[in-house]
Amino acid sequence: MRQRPFKQVDVFTADAYRGNPLAVVLDGTGLTTEAMQHFTHWTNLSEATFVLPPTAEGRAAGADYRVRILCPGRELPFAGHPTLGTCHAWLEAGGQPHQDGVVVQECGVGLVTLRREGARLAFAAPPLCRSGPLDETDVQRIAQGLGVARSDIAAHAWCDNGPQWRGVMLRDTQQVLALRPDAALLAGLDVGVVAPLGAEGIAFEVRAFFPGNNGLTEDPVTGSLNAALAQWLIGAGLAPARYVARQGTALQRAGLVHVAQEDGHIWVGGSSVTCIDGTVLL
């Protein structure tokens, strides 16, 4: 074990402790997967990331760094809030991208491009691994697991971009906020729920449920889900090309996710703030 630079970052918020926290080990060299997974469990956070030099292939393609993203029980090929939070921490620690204003991250899904949007960072949503409507059996199971009628689900789609999100749109925001999902009925499913909000400047309310921590976990603010929801909703004409989504309300958080479709890409952005800055023994 040795001391390694470490930051704990709150993502999708400019106000500390109101977004989604992330543990970032800024030097993951020499760590085994088992050591990374053990540390991730110890943090009791939804994800921890470990920054590494790019692979030879990634370096040749312009990657500035490589990141491994772990959550309780598994490694993820991609996740949104860890992507933004890791980039924020890397830049704050003195990371110098090869291109001005653009950072290229290497991760399990390949290369992900990030850009600055004023005080925020945004990533280009990776292509969906699976899209299209869900099987009706899944829709009925999700409705039952969420405790809503099947008729309350106005639209649904695969939103798989690494994490295998199944997205459903409800008709009413208050219904989304009142959800008390059944962990047994939704066991093994990553479920994203969205409803039109219509508040000033905010278009949608979002909640995310996934397996973890010995049961069903709710994620405070979820970049991968919001990226996939944007690809689905904008593509289906259910959302404008530029909007803001709110997530975390039911957990007393205040996450804001900024979405924009530009030049054939969906950009997903948010603010980040460092809450803990120091070293960790690993």
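Modeller: Happy to! Leaving aside neighbours within four places in sequence, E47 is in contact with L22, A23, I69, L70, C71, L76, A79, H81 and P82. Please keep in mind that this is a predicted model. E47 lies in the loop between helix 1 (33-43) and strand 3 (48-52). The residue is buried, yet it has no salt bridge; R74, the nearest side chain of opposite charge, is 7.3 Å away. What E47 does have is a polar contact of 3.0 Å between its side chain and that of S46.

Two of the contacts of E47, H81 and P82, are also among the buried residues of helix 3. Helix 3 (residues 80-92) is mostly covered, with twelve of its 13 residues buried, including G80, W90 and L91. From first C-alpha to last it reaches 18 Å, close to the 18 Å expected at 1.5 Å a residue. G94, which follows helix 3, has a positive phi, near 105 degrees.

Helix 4 (residues 136-146) is also worth a look. Its buried residues are D138, V139, I142, A143, G145 and L146. Seen down the helix axis, they fall within an arc of 165 degrees, so they line one face of helix 4. These buried residues pack against strand 9 (153-160), strand 10 (164-170), strand 11 (190-199) and strand 12 (202-212). The face turned away from the buried side carries the exposed residues T137 and Q144. Helix 4 is followed by G147, where phi is positive, near 80 degrees.

Methods:
Residues numbered from 1 in each chain as written. Predicted model: local features only at pLDDT ≥ 70, side-chain atom pairs only at ≥ 80, totals over all residues. Heavy atoms only, no water. Helix = DSSP H or I, 4+ residues; strand = E, 2+ residues; numbered from the N terminus. Buried < 20%, exposed > 50% of the residue type's maximum accessible area, 1.4 Å probe, protein only. Lys, Arg positive; Asp, Glu negative; His and termini not counted. Salt bridge = Lys/Arg side-chain N within 4 Å of Asp/Glu carboxyl O. Polar contact = N/O pair within 3.5 Å; in protein donor to acceptor, adjacent residues only side chain to side chain. Contact = heavy atoms within 4.5 Å. Arc of directions from axis to C-beta. Expected span 1.5 Å × (residues − 1).
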